[in-house]
Amino acid sequence: MSVFKSVLDLATRALAATADLGRLAELLRERGLVVAIVAGLLGLVALTVSGRFPRGLAAVGGAVVAALGAYALRGAIAVHLGISLAVAAPVLALVAGAAGALVPLAFPVAVGALPGLLLGLHAPVAGRAELGAAIGALVAGLVALLFARVVAVGFASAVGGVLAATAAVALAGARPIARELVSHPLAIVVVALVLAIAGAAYQLALGVAPARAPGPPPTH
């Protein structure tokens, strides 16, 4: 029952967090046309070719996962470590990005471990939330490792879908449809989800970029 309540609580929080997509679209619009176009292009890259370059994806994706983790755990980080989100997010992103570049498989493990940790925090084991978080992160991370490529590409496509959808809303400016989407951010989530599914399916079918063929042998 406690696990069910934990899942329900996380789902409620995730639904509430959809409002952030509306704020992100507004932020992109406020930053100007160039910023919105760059965000949209990054989204398209994540949706179409990111999976072909596992090491680069692991580096960038690891940084994004770490930043999201810092955001999700900002309260605990501030209380227990005395560090603000503005400090924790870039530091963790830098460390995780470097780890992903060195060990690409660390990225999909982190993608799985983060929601497992968050779920475990709400499902204490032996009355200890930290133990539940550790077990949740371990189990979810190992499952993600078994489906490493699907998890990595799926996460990249999800981020790409969000960037592309919010950038499109930002580029629409003050048009009625843009205002409607910002006021109902769940619609942005639906658009982002459709793009993410299409992008992931395309990239998984595309495969990994082939290694460069060796050059001709030196002539003497």
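**Helix packing and nonpolar cores in the predicted model**

The axes of helix α4 (residues 54-72) and helix α6 (residues 85-102) come within 7 Å and cross at roughly 155 degrees. Axes are lines fitted to C-alpha atoms, for helices over the stretch in contact, and angles run from 0 to 180 degrees between N-to-C directions. Helices are DSSP runs (H or I, at least four residues), numbered from the N terminus. α4 and α6 are therefore roughly antiparallel to each other (angles over 145 degrees). The crossing of α4 past α6 is right-handed; that is, the near helix is turned clockwise from the far one by less than a right angle.

This is a predicted model: local features need pLDDT of at least 70, side-chain atom pairs count only at pLDDT 80 or more, and totals for chains, interfaces and linings use all residues. Residues are numbered from 1 along each chain as its sequence is written, and side-chain values use heavy atoms, with hydrogens and water left out.

The α4 side of the contact (heavy atoms within 4.5 Å) includes Arg55, Ala59, Gly62 and Tyr71. The α6 side includes Leu85, Leu92, Gly97 and Leu102. The residues of this contact divide into 15 nonpolar, three polar and one charged. Here Ala, Val, Leu, Ile, Met, Phe, Trp, Tyr, Cys and Pro count as nonpolar, Asp, Glu, Lys and Arg as charged, and the others, Gly among them, as polar.

The largest nonpolar core has twelve residues, among them Leu57, Val65, Phe107, Leu118 and Phe155. Such a core is a set of buried Ala, Val, Leu, Ile, Met, Phe, Trp, Tyr and Cys residues joined through side-chain atoms within 4.5 Å. Helices α4, α7 (106-121) and α9 (148-171) each supply at least two residues of this core. Leaving aside neighbours within four places in sequence, Val65 contacts Phe107, Ala110, Val111, Leu114 and Phe155. A second, separate core of nine residues includes Ala25, Ala165, Ala178 and Val182.

Ala25 sits in helix α2 (residues 19-31). Ala25 has a relative accessible area of 1% and is buried (under 20%, with a 1.4 Å probe and protein chains only). Not counting residues up to four places away in sequence, Ala25 touches Thr166, Val169, Ala170 and Val182. The C-alpha atoms of Ala25 and Ala167 are separated by 6.3 Å, at 142 residues apart along the chain.

Val49 lies in the loop between α3 (33-48) and α4. Its relative accessibility is 33%, so Val49 counts as partly exposed (between the buried limit of 20% and the exposed limit of 50%). Val49 and Ala200 are 151 residues apart along the chain, and 9.9 Å separates their C-alpha atoms.

Note on methods. Angles under 35 degrees count as roughly parallel, over 145 as roughly antiparallel, 65 to 115 as roughly perpendicular and the rest as oblique.
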